[in-house]
Each structure stands twice: as structure tokens, then as C-alpha cells.
Amino acid sequence: MIVTVTGIGLWAAGLTGWSEFQQQLTVDGPPADAEFNAPRPAAIAPRERRRAGLTINLAVEVMHQACDMAGVDKAAIATVFASAMGDTDITDYMCRKLAGADRMLSPTKFHNSVHNATSGYWSISAQNRAPSSFVGGFRDSFACALLEAAACAIAEDLPVGLAGYDIANAAPLHDVAPISETLGLALVILPGEQSPGWPLTLALQAGRPAAPPMPRRAGLARLADANPMGSALTLLEALADDRTDPLCWPVGQNTGLNVTAGQRSRAA
Amino acid sequence: MTPIPVTAYTLTSALGSGLDAVDAALQDGCGGLSPQPWQDCDVPTWLGRVDIPDDVQTEPAWACRNNRLALLGLNQDGFADHVSTAIDRYGAHRVGVVIGTSTSSIERTEAAYRELDDSGRFAPEFRQPDTHNPHSPGAFVARALGAAGPALTVSAACASSAKVFATAARWLELNLVDAVVVGGVDSLCLSVIYGFHSLQLVAPSPCRPFDRDREGISLGEAAGFALLDRADPGNAEAALLGYGESCDAHHMSSAHPEGLGARLAMESAVAASGLSFADLDYVNLHGTGTRGNDATEGQVCAQLLAAHTVASATKGWTGHTLGAAGIVEAVLCLHALTSGVVPGTLNTRDPQADFNLTLETAARRPRRALSNSFGFGGNNCALVFGLS
């Protein structure tokens with residue numbers, strides 16, 4: 001499968017967009033003490049932003065960033081949202097509430113607890129009625145989302161936005177799925193080889209790599225270690241560096257997703 | 001699109017385990033809803049519960065009701081054997097897995113929170129990373145079957161296990177794999193009962209889709225699976241002919257008032273199949289039994305469906321199985337095509353429908369069927385199946 005990355009969105013401590021990501025590459029990635037500020041996507045009204053919670057704001061923010069960079073019609077692209085753990089703030093709220101004496105749940109928190117809530121808020125914010133999905137692959141979630149997005153772009157012949165996110169969690173969920181940094185990122189991909197953009201060649205291979213590829217810079221590797229979506233930073237780093245070495249992510253019990261970037265083509 | 005053969009399928013729901021249980025229930029006109037409460041839950045409602053035998057158990061790392069339900073479902077109708085045959089033919093890494101769910105294993109996470117230790121941590125038996133995450137059913141099914149190709153879990157609320165067919169169809173079209181196990185698994189838990197109760201959508205009586213006096217949904221649980229195999233040499237009786245996916249872009253928990261998203265999904269599915277609406281013999285409606293959803297879906301069906309196309313809503317039989325509703329109703333469509341028997345709309349007595357809604361189960365020998373699934377977040381999916 002050949003697709004082209006034309007837009008990138010990003011949000012983490014010290015990384016609030018593609019420009020900042022590129023700047024941070026000159027200093028080995030964001031510092032460990034970089035402060036995290038919650039995103040406030042302009043596409044969601046302030047009152048709705050407060051109701052929405054972090055995962056939704058994160059996903060909507062990075063998806064809009066990537067679309068703005070790609071210059072695609074936000075109302076027309078298909079989308080794939082992905083997360084290893086979903087909105088663990090809501091999971092924690094609901095499970096604590098249901099374990100207590102008063103089990104009445106907030107209706108807003110309940111309807112935001114569906115994993116595709118990010119897709120729902122995005123589609124409303126962009127007035128987008130195109131196909132949209134949420135995929136989970138636990139630790140393989142980024143590769144699952146990239147596979148889904150690339151297959152959708154080619155089979156449906158549509159631009160596809162991919163947003164992957166996981167948020168920092170606390171005990172007790174932290175003990176089973178430790179996430180110590182919040183990270184959201186998005187790609188807009190077009191079917192086939194297009195210009196400008198980075199062409200990607202994707203193929204499945206028999207054989208599961210032991211681990212996803214890690215970024216080379218220490219600051220990015222630290223972030224990638226702290227968030228299950230973090231191995232996506234390895235791809236962003238390769239794109240920024242114009243590297244073309246093959247990268248392989250685990251995507252099934254005995255399957256890997258091979259991704260090879262080509263040289264970035266720039267607008268004539 | 002090129003039709004994709006469905007070489008095996010199975011369903012475990014409140015009607016019982018396997019397709020024989022579906023046949024028996026339809027023949028007797030006996031649905032699966034029961035007023036028996038869930039644990040100590042104080043919400044008055046009827047539920048479509050599956051009796052999972054005690055000896056259906058997973059390894060401890062995967063232990064939860066949802067994965068036990070998946071395991072029970074995989075072992076009905078020889079489904080796991082059909083998958084083994086495909087693995088032998090193509091190699092394990094050429095068989096993918098796409099499972100839909102909304103609950104995943106949240107019932108287990110709820111239990112873990114009820115039994116936190118003194119320091120607020122999970123007790124040892126609940127420290128199960130592979131269980132407490134949205135991908136648990138997809139990973140579990142891949143592991144249980146030995147399918148080693150790409151595996152992911154779709155979680156798009158009540159459209160989840162309809163959308164699995166779209167993902168699988170793309171994988172097959174692009175030759176990424178040779179066969180795909182699709183399915184859905186959702187299990188009853190406090191989150192969904194109290195959650196839908198908070199939205200005032202839970203009916204105190206058995207749900208009555210499209211009834212003038214409908215009061216809301218009856219929740220249920222189910223595990224259903226289908227095997228899609230592009231290279232099937234012609235043994236399959238039925239095939240996936242088309243799929244359509246859309247968003248409402250309107251509201252998180254109520255459908256677009258004119259059903260724009262629903263209409264788009266249905267039209268896309270029928271267009272992809274190369275058919276027209278007049279070619280459909282049967283439509284399995286989303287038909288949840290809430291006032292708003294049924295009104296919206298009814299309005300769209302009145303505009304799109306031909307007078308000779310029979311439609312029914314089957315959640316009165318099974319309950320609304322949420323993330324499994326797509327596969328439950330896909331299997332009911334496939335089974336209607338191969339058995340010739342179209343299920344009626346159980347519990348509904350005073351229908352409010354400007355299209356051909358049927359209340360009675362009857363032998364109608366449909367050849368083309370459409371299944372609707374519409375979810376929270378405005379996610380919609382429609383599927384078209386036909387006899388081979």
C-alpha cells in the first residue's frame with residue numbers, strides 16, 4: 001500500500017504542533033520537565049470543551065492541526081481514532097461511582113464514555129458525515145490505526161485523518177497500564193503518491209517484531225516509553241529527518257506492519 | 001464491490017447458544033428477555049442475558065465475563081473449526097481478526113474497583129493488563145483461534161460490529177489477508193445499565209421497537225462471529241454485497257432529526273452492492289425501542305424502502321446488545337437468507353411505521369437483506385447481504 005502523509009498534528013508536554021516538534025529535534029526532543037497544558041481546540045465551543053474532557057479535546061485538536069497543515073476539506077475526509085486505553089478519566093469516574101452507594105452516573109460522562117466519543121465530537125466540530133471509526137489495539141494501537149487508515153484511504157479513495165491518543169493515568173489503572181505522559185498525534189494521509197508530502201509504503205509481514213521502533217532522540221524516546229501511542233513519534237522523527245529506513249510495528253500475534261517513508265516531495 | 005463469501009457464522013445471545021437456538025426461539029415465538037435483575041442492580045428492566053456455563057473459563061490473564069462469552073460463542077456451530085481450516089489453507093498470519101465491542105471487559109474493571117485493596121490498588125486477581133483495555137475481545141479471539149494476522153477491535157458504540165465487515169472487506173480487497181474473522185462481543189455490566197438509565201432510555205418492560213407506546217431499550221449481551229473468505233470456491237451460501245459507513249455530525253446521544261447519517265449509510269451500502277432499494281427483500285432495522293431513534297429510522301425507511309420490502313426489528317428477541325448488535329443482526333440477516341425464515345418484531349403490538357414493518361415471524365425466502373446499525377457519537381453502518 002502506498003499513501004502520502006500531507007498533514008501532521010501533535011500535542012504533548014513541550015510539543016504543541018509540528019513546528020515545535022521540528023524545533024525540538026535540534027535539542028534531542030522536549031525536556032523531561034516540560035509542562036503539559038491541556039489543549040483548547042478552537043473548533044469546540046468553550047462550554048462544550050469543559051464537558052468534553054481531555055481525550056476529546058486532545059483528539060479534536062490534533063486532527064484539526066493535521067487537516068490545517070494538509071489543507072484538506074475537513075468536512076469530507078474519513079477518519080480513524082485510536083487509543084490503547086481510551087478515556088481513563090471517565091473509566092475511573094464510572095467504576096468508582098458504580099462501586100459506591102450512589103450509582104447514578106452523569107449522563108454526559110456516560111455518553112462520552114463510548115470510545116468513539118472523539119470521533120463524534122470531531123465530526124460535529126467539522127460537520128463531517130464521512131466514514132469514521134475508533135480502533136483499539138492495546139499496545140499495538142498506533143499500527144492498527146495506521147493499517148486501518150491506509151486501507152481506508154486506498155480502498156475508499158479518500159483522504160483519511162488518523163488521530164491516536166492516550167492520557168496519563170493514576171492508580172489503580174496505572175498499575176495495569178502505566179501511562180505517565182499524555183500524548184495525542186494525528187496524520188492526514190492521501191491514497192497513492194502525492195505531492196507535496198511524504199510517501200509511505202506499507203506492507204504486512206509474517207513475524208511479529210518484539211517491540212515497536214523507538215525514536216532515536218532521548219527526549220522523544222522518554223515520551224514514547226511513557227505512552228502506548230508514543231512509537232508513532234518514531235515515524236514523525238523519521239519524516240522530519242527525511243529518513244527512509246524501514247520501520248516495523250507489531251500488529252497481530254505473528255504479524256508486523258512494515259512502513260518505509262520516501263523522500264519528502266515539496267510543492268513545485 | 002466484489003461480493004465477499006461468508007463461509008461460516010454463528011450467534012450466541014439471550015436466545016441461546018448457536019443457530020439451533022435461534023431457530024427454536026423463532027419457531028416458538030419465544031424471546032430471550034427476562035425481568036431477573038443484574039447482580040444487585042436496582043434499575044427495573046428486562047435483560048437479554050446469556051447463561052454462560054461454569055466450565056467455560058479462560059486463562060486467568062483474560063478472565064472476565066466478556067471473554068468467557070466470546071469463548072462460548074466461538075465454540076458454537078463448528079465456527080472455530082471453520083477458522084482452523086482457513087488457517088491450515090492460508091497460514092495463520094494470513095487470517096485477520098476484527099472484533100466490535102462497546103463494553104469490552106469493563107464489567108471486570110467494575111469488579112476490580114469494588115474490591116480495591118487498602119492502598120486503593122487492584123487485588124492480585126484483577127491485575128490483568130490484557131483484560132482491562134478496549135482491545136481485549138479482539139486480542140482474545142485472535143489468541144483463542146490462533147489467527148495470527150492483523151487484529152484490531154472496533155469500538156464505535158452500537159455500530160461497532162457492523163463496521164467490522166467494512167474493515168475486513170477493505171483488507172480482503174487489498175489482499176492484505178486471505179480471510180478475516182469478524183464479530184462482536186458485548187456483555188452486561190453496571191456501566192451500561194446505569195448509563196442508559198441516566199439518559200432515561202431504559203424500558204421498564206420488554207422493549208417494543210416501533211410500537212406507538214414504546215418506552216425505551218432492553219439491554220442484552222451476545223457474541224457473534226462470521227468468517228469472510230474471498231477465495232471460497234463456492235461453498236458459501238451467502239455473501240457480503242455492500243457496506244456503508246457515515247456520521248451524523250449532529251449530537252453525541254441523539255440521532256440527526258432527519259436521519260441524514262442513517263440515510264447516507266443505507267444509500268452507500270446499497271450503492272456499493274450494485275443493487276437498488278427495490279431489490280431488497282428484508283431489512284433488519286436498528287430498532288432500539290427508544291422514541292427518538294425509531295422515529296428517525298422510520299422516517300428514513302419510509303422514504304427509501306419499497307412497499308414489498310419486509311422490515312423487522314429484532315431487539316425484542318435478543319435485547320440491545322450494543323457493541324454486538326451489528327453482528328447479532330448481521331447473523332440474523334444471514335440466517336434469514338439461508339433458512340428462508342424472517343424474524344418478526346417481537347413484543348410490538350401497535351406499530352407506528354410508514355413502511356412494511358412485519359410483526360410476525362414467517363417463511364419468506366428473502367434473497368437480499370440489509371442490516372442497519374446506528375450508534376452513539378453519530379456513527380452509522382449499514383450492510384447488504386445476499387444469497388450466493
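A residue is termed buried if 20 or more other C-beta atoms lie within 10 Å of its own, exposed if 12 or fewer do, and partly exposed in between, the C-beta atoms being placed from the backbone. By this criterion, buried residues make up 68% of the 388 residues in chain B and 60% of the 268 residues in chain A. The structure is a predicted model, in which local features need pLDDT of at least 70 and side-chain atom pairs count only at pLDDT 80 or more, whereas totals for chains, interfaces and linings use all residues. Residues are numbered from 1 along each chain as its sequence is written, and chains are lettered from A and ligands numbered from 1 in the order in which they are written.

Helices (H or I, at least four residues) and strands (E, at least two) were taken as DSSP runs, numbered from the N terminus. Chain A has ten helices and eight strands, and chain B has eleven helices and 13 strands. The radius of gyration was taken over C-alpha atoms, and the globule rule is 2.2 Å times the number of residues to the power 0.38. For chain A, with 268 residues, a compact globule would have a radius near 18 Å, and the value of 18 Å agrees; for chain B, with 388 residues, the expectation is near 21 Å, and the value of 19 Å agrees. Along the principal axes, the C-alpha atoms of chain A fill a box of roughly 60 × 35 × 35 Å, and the C-alpha trace of chain B spans about 60 × 50 × 40 Å. With two residues counted as in contact if their C-beta atoms, placed from the backbone, lie within 7 Å, residues 24 or more positions apart account for 70% of the contacts in chain A with a separation of 6 or more, and for 80% of such contacts in chain B.

A nonpolar core is a set of buried Ala, Val, Leu, Ile, Met, Phe, Trp, Tyr and Cys residues joined through C-beta atoms within 7 Å. The largest such core holds 230 residues, of which A150(A), I189(A), F165(B), V181(B), L228(B), L383(B) and F385(B) touch the most other members. Helix α7 (residues 141–156) of chain A gives the most to this core, with twelve residues. Leaving aside residues up to four places away in sequence, L228(B) touches I4(B), V6(B), A168(B), L172(B), A179(B), V180(B), V182(B) and L240(B).

Strands are regarded as paired if DSSP finds at least two bridges between them. In chain B, strand β7 (residues 238–247) has ten of its ten residues buried, so it is largely enclosed by the rest of the structure. Three bridges join β7(B) in the antiparallel sense to strand β1 (residues 4–13) of chain B, where I4(B) has L240(B) as its bridge partner. Nine bridges, also antiparallel, join β7(B) to strand β13 (residues 379–387) of chain B, with Y243(B) opposite L383(B).

Between the chains, 59 residues of chain A are in contact with 58 residues of chain B. Helix α7(A) gives the most to the side of chain A that touches chain B, with seven residues. This side has 33 nonpolar, 21 polar and five charged residues, where Ala, Val, Leu, Ile, Met, Phe, Trp, Tyr, Cys and Pro count as nonpolar, Asp, Glu, Lys and Arg as charged, and the others, Gly among them, as polar. Strand β3(A) pairs with strand β4 (residues 151–154) of chain B in the antiparallel sense over two bridges, and G136(A) stands opposite T153(B).
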